[in-house]
Every structure is written in structure tokens, then in C-alpha cells.
Amino acid sequence: EIIHDTVVMGINCNVANMWKSLGETVAHRGHMCLGIQWRSFAIACYKHASVNRKGAAKPSLKKQIVSAELKDILQHSQLAVLYHYNDLTVQEWDGLRLKLGAKGVKLKIFPSKVSAKVLKGTKYENMGPLFTGPSVLAFSEAPVLSDLLTVTKGEKKLMVLGGLLENQLFTPKGLDGYTKLPSLDVTRQELVGILSHHQTTLSSLLQSSAAKLSQMLDQIGKTEQKQQA
């Protein structure tokens, strides 16, 4: 009954060690059969614990924390750009955080190997390969890409690896090209200007055509009157 209850509760390697020691003690005192039985039970405990470890392996606490924090940042940030950094001093880090903080951008260093693994199977999976070597993630709840690149371009120890902008993955070249696009307000103004121009042109053409048609009809009418006369 003791053996059965222990198995039901779930036996780990520490419990197995206890049974093994107890079996050896009993056998040493002359109860050989009982000692062999308990040692056999200890071996079964080891096997049971080994199977459980292999079949129900859980991610480490570090991996769980990194996974939760990284996914949360990517999910709630409109901008997330990954940089490779090289030997920045504490003073340089502080200065960089201060400059970017004024633009609403935060910095966070994640372990590359763990980050690449936790992104597998998510909608951010394509960003996983970017996590190689010492890398730092710059992120913001606003799409302030121009401000971010303006600040970091002056840092020779930083190199853009790629990033997400409004859930779209961009290469370094793509990010740079995006900053050269006109703003939404400018685009709207240009579109209104184009539509207004076409509207004016179309109106002018319609008026001109109507005037020509009127002249043609008037001319036809005069010709018919002459013929009748």
C-alpha cells in the first residue's frame, strides 16, 4: 500500500534515492528479500522519473520570461527595430536611452538564441533569424521610425538588422526607404490636388464640348433654313 500510494503521488529521483538507501540498509541487516524488493522499486522510480522528464519537459523559467516579455512587446508596439551592438560603454548606453526616451523609444536586450526559439510558430517567426549575436531591440508604441533612425545613425557601434513597422517586417534598406516616403498628410494633400485638377480639366472639356455642340447645331439650323428658302 505504501508503494502504491507513493507511485500515485508521483515519484521523483530524490524519492528513488531514499528507497534505494532504505533497501540497502534492510539488506545489510539480513532482510535480503525485502531489501532486493525495495532496490527494485528504486530502479523503477528512476525509470519513471526519466520518462516523465523526457515526455513532459517544460521550458526553463528564463525562457518563459523571455517569451512572455518579447511577445508582449512585439504585440503592443507599432515599431520594433533590432540592432547589433558592439562594445558600448555604460555611459554610451545611458546617453542612447536618454536620446531615444525623449522620442518615445525604449531599449531592451534579449538573449539571441532564446529569442529566436520562442518566436518559432508565432506571427513574428520571420524576425527570429535576426536575433544573432549581441542584439538590442528598440521599440515604441508609436511609429516614430524617422526619429529612431536619426538618433541611431550617429552611433557607429550600432547596426540595423531589420524590424517590424505596423506588423510589417522590413529589411534595413526597407526601413530606410520607408522614412523617405511622404507623410500621410502630405499624401492626402497631393491626392486632393490631383483630383481637383482632373475635376477642373473634365469640367472645362465638358463646357467646351457643349459650346462646340451648340455651335454645330446652330450652323446646321442655319443651313437648313437657307435650303428651304
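**Notes on the predicted model**

1. His 84 and its surroundings. In this predicted model, a polar atom of the His 84 side chain lies 3.3 Å from the backbone oxygen of Pro 134. His 84 belongs to strand 1. Its relative accessible area is 24%, so His 84 is classed as partly exposed, the class that begins where the buried limit of 20% ends. Beyond its neighbours within four places in sequence, His 84 is in contact with Thr 132, Pro 134, Ser 135, Lys 157, Leu 158, Met 159 and Leu 161. The C-alpha atoms of His 84 and Val 136 are 6.5 Å apart, although 52 residues separate the two along the chain.

2. The chain overall. How many helices and strands does the chain have? There are nine helices and five strands, and their order along the sequence is α-α-α-α-β-α-β-α-β-α-β-β-α-α. The chain has 229 residues, of which 27% count as buried. Taking contacts between residues at least 6 apart in sequence, 73% join residues at least 24 apart.

3. The buried face of helix 7. Helix 7 covers residues 145–152, and its buried residues are Leu 145, Leu 148, Leu 149, Val 151 and Thr 152. Viewed down the axis of helix 7, these residues fall within an arc of 160°, and they therefore line one face of the helix. As background, an α-helix has 3.6 residues a turn, so residues three or four places apart point the same way.

4. What that face packs against.

5. Helix 7 against helix 8. Two packed helices are described by the angle between their axes and the distance between the axes. For helix 7 and helix 8 the angle is about 115°, and the axes are 9 Å apart. The crossing of helix 7 past helix 8 is left-handed. On the helix 7 side the contact is made by Leu 145, Ser 146 and Leu 149, which meet Leu 175, Asp 176, Tyr 178 and Thr 179 of helix 8. Sorted by class, the residues of this contact are four nonpolar, two polar and one charged. Leu 145 and Leu 149 are also among the buried residues of helix 7.

6. Ser 115. Is Ser 115 buried or exposed? Ser 115 has 0% relative accessibility and so counts as buried. Ser 115 is part of helix 6, residues 112–118. A polar atom of its side chain lies 2.7 Å from the backbone oxygen of Pro 111. Apart from neighbours within four places in sequence, Ser 115 is in contact with Val 66, Leu 70, Phe 110 and Phe 131.

7. Pro 111. The loop between strand 2 (106–109) and helix 6 contains Pro 111. Because its relative accessibility is 28%, Pro 111 counts as partly exposed. Residues up to four places away in sequence aside, Pro 111 touches Lys 62 and Val 66. Val 66 is also one of the contacts of Ser 115.

8. Where does Glu 166 lie? Glu 166 is in the loop between strand 4 and strand 5 (168–170), and the loop between these strands also holds Asn 167. Phi is near 55° for Glu 166, a positive value in a residue other than glycine. Asn 167 is likewise a residue other than glycine with positive phi, near 70°. Glu 166 has 42% relative accessibility and so counts as partly exposed.

Methods
Residues are numbered from 1 along each chain as its sequence is written. This is a predicted model: local features need pLDDT of at least 70, side-chain atom pairs count only at pLDDT 80 or more; totals for chains, interfaces and linings use all residues. Side-chain values use heavy atoms; hydrogens and water are left out. Buried means under 20% relative accessible area, exposed over 50%, partly exposed in between (1.4 Å probe, protein chains only). Helices (H or I, at least four residues) and strands (E, at least two) are DSSP runs, numbered from the N terminus. The arc is that of the directions from the helix axis to the C-beta atoms. Axes are lines fitted to C-alpha atoms, for helices over the stretch in contact, and angles run from 0 to 180 degrees between N-to-C directions. A crossing is left-handed if the near helix is turned anticlockwise from the far one by less than a right angle, and right-handed if clockwise. Contact means heavy atoms within 4.5 Å. Ala, Val, Leu, Ile, Met, Phe, Trp, Tyr, Cys and Pro count as nonpolar, Asp, Glu, Lys and Arg as charged, and the others, Gly among them, as polar. A polar contact is a pair of N or O atoms within 3.5 Å; within protein, one must be able to donate a hydrogen and the other to accept it, and residues adjacent in sequence count only if both atoms are side-chain atoms.
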